[in-house]
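This report describes the architecture of one protein chain and the surroundings of its ligand. Please consult the sequence and the structure shown below while reading.

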Amino acid sequence: MSTTRTNRRKGAGAGAADASATSAPFAEAVAAGVSASTTPTTPEARKALHQELLHSMLLQRRFEERTAEMYAIGRIGGFCHLYIGQEAVSTGIISLLRPDDYIITTYRDHGQALARGMTPRAVMAELFGRIDGCVRGKGGSMHLFDKSLGFLGGHGIVGGHIPIAAGVGFAIKYRGGDQVIVCFMGEAAVNNGAFHEALNMAGLWKLPCLFVIENNRYGMGTAVERASAINDIYKRGASYDMPREMVDGQDVFAVRDAAERAINRARTESTPTLLEIRTYRFMGHSMSDAVSGTYRTKEELESYLKRDPIALLRARMEADGDLTDAEWQAMDAEIKAVVQDSIDFAENSPEPPLEALHEDVLVDTTSD
Ligand SMILES: Cc1ncc(C[n+]2csc(CCOP(=O)(O)OP(=O)(O)O)c2C)c(N)n1
Ligand SMILES: [Mg+2]
């Protein structure tokens, strides 16, 4: 893995000399002659693509391991929800998107932002509440946003962003574009009225939306079986005449396969899709929740840890001859250095000035 990656998509607030800009999503695979949206045909292209997928997932993991540490020592405050265990979902889907596509998501948003190419510096500074964060330190963990990446947040209200996704889908269609909007949500959001209203409109008007349910089995401490009348959540797509699939969320290739079908449908036929991606969060609901909690057993957690998406991808790549131990060590060391750099950057970034409190509250409709 090269250590001289350049970032194709600079995150806001990243600065011109951003040493953490190593998250260039899938640039090397593309350089090796494979479109990120197709199955590679040569061994070289396959290796490049798989290394990019691994890099993307490992960056999310190492970034959040340090995030937890920074939270524990009080460098990060407020709400903070880690994505550890779910990285194959963000990487699998986002690796197939074009730069002009859109993403909207929940408060569990660090992994998706990094997979999209937001720089570790811009994300870490945001978590620290500093001015060089992607939204100048005023959003924090739950509200990562970058218009230039089509990354439309980071939303704290469960289900509140799903109608916005339908609205973006409507705007794409109205303007005659062939972009897609991916709307990530947790499985608990599907019992919220906004879910039904938005999916009904998307089904009725055939909007280019990909509704991705990351079914990690729990909404805070409530198991899906205790909250949903239907446990196979993808079946709800039938109510909206929407193509639907259930996917193994620990297998990045299974995620990519299903996402590729859905994205093609959205682009070429303007048809929405509902994907239920079964995954698991390895940490507590948020930083204020114990790792296993009282609502799940240690045995359950341990059984899911055996299907760590990064370990599964690494094992497959080793078996295919696409990853040597030295390459793994080098990639891990490079990523750890990038994450450390993002922490140093955040530490040195100033807090927003008091006057900034009044900025960005209302949009100035008289400019641009
Ligand atoms: C409308 C609303 N109700 C309740 C909450 C409190 N709350 C925050 S996260 C959460 C659980 C959501 O679980 P899920 O959708 O499965 O996502 P996950 O946290 O598992 O990623 C709840 C109930 C909220 N933020 N918004
Ligand atoms: Mg959940």
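Which residues of β3 point one way, and which point the other way? Ile 181, Cys 183 and Met 185 are directed to one side of β3, while Val 182, Phe 184 and Gly 186 are directed to the other, and all are buried. In a regular strand, the side chains alternate between the two faces of the sheet.

## Overview

The model discussed here is predicted. The protein has 368 residues, and buried residues make up 49% of them. Its secondary structure comes to twelve helices and eight strands.

Contacts in the chain may also be sorted by separation in sequence. Among the contacts between residues at least 6 apart in sequence, 73% join residues at least 24 apart.

Strand β3 covers residues 181-186. The strand is mostly covered, as six of its six residues are buried.

One partner of β3 is strand β1, which consists of residues 102-106. Three bridges join β1 to β3, and the two strands run parallel. In this pairing, Tyr 102 stands opposite Ile 181. Tyr 102 is also among the residues that Ile 181 touches, when residues up to four places away in sequence are not counted; the others are Ile 104, Ala 165, Val 168, Gly 169, Ile 172, Pro 208 and Cys 209.

Strand β4 spans residues 209-215, and seven of its seven residues are buried, so the strand is largely enclosed by the rest of the structure. Cys 209, Phe 211, Ile 213 and Asn 215 point one way from β4, whereas Leu 210, Val 212 and Glu 214 point the other way. All of these residues are buried, including Glu 214 and Asn 215.

Strand β4 pairs with β3 through six bridges, and these strands run parallel. Phe 184 has Val 212 in β4 as its bridge partner. Six bridges also join β4 to strand β8, formed by residues 273-278, and this pairing is parallel as well. Here Phe 211 stands opposite Leu 274 in β8. Helix α7, made of residues 193-205, belongs with β3 and β4 to a right-handed β-α-β unit.

## The nonpolar cores

The largest nonpolar core has 83 residues. Those that touch the most other members are Ile 181, Val 182, Cys 183, Cys 209, Leu 210 and Val 212. The largest share of this core, nine residues, comes from helix α2, which covers residues 43-72.

A second, separate core has six residues, and Leu 82, Tyr 83, Ile 84 and Met 283 are among them.

Which of the 14 residues around ligand 1 come nearest? They are Val 158, Gly 186, Ala 188, Ala 189 and Gly 219. One of these, Gly 186, is also one of the buried residues of β3.

By class, the shell around ligand 1 contains six nonpolar, six polar and two charged residues.

Is Arg 116 buried or exposed? A residue counts as buried if 20 or more other C-beta atoms lie within 10 Å of its own. Arg 116 has 27 other C-beta atoms within 10 Å, and it is therefore buried. This residue lies in helix α4, residues 110-116. The C-alpha atoms of Arg 116 and Ile 93 are separated by 9.9 Å, and the two residues are 23 residues apart along the chain.

Two further residues have a positive phi. Arg 217, located in the loop between β4 and β5, has a positive phi of about 80° although it is not a glycine. Arg 217 is partly exposed because 18 other C-beta atoms lie within 10 Å. Asp 360, in the segment after α12, has a positive phi of about 65° and is likewise not a glycine. Asp 360 is exposed, because it has 12 other C-beta atoms within 10 Å.

How values were computed. Residues numbered from 1 in each chain as written. Chains lettered and ligands numbered in written order. Predicted model: local features only at pLDDT ≥ 70, side-chain atom pairs only at ≥ 80, totals over all residues. Near = placed C-beta within 6 Å. Nonpolar A, V, L, I, M, F, W, Y, C, P; charged D, E, K, R; others polar. Core = buried A, V, L, I, M, F, W, Y, C linked by C-beta atoms within 7 Å. Helix = DSSP H or I, 4+ residues; strand = E, 2+ residues; numbered from the N terminus. Contact = placed C-beta atoms within 7 Å. Pairing = 2+ DSSP bridges. Right-handed = clockwise from strand over helix to strand, strands pointing away.
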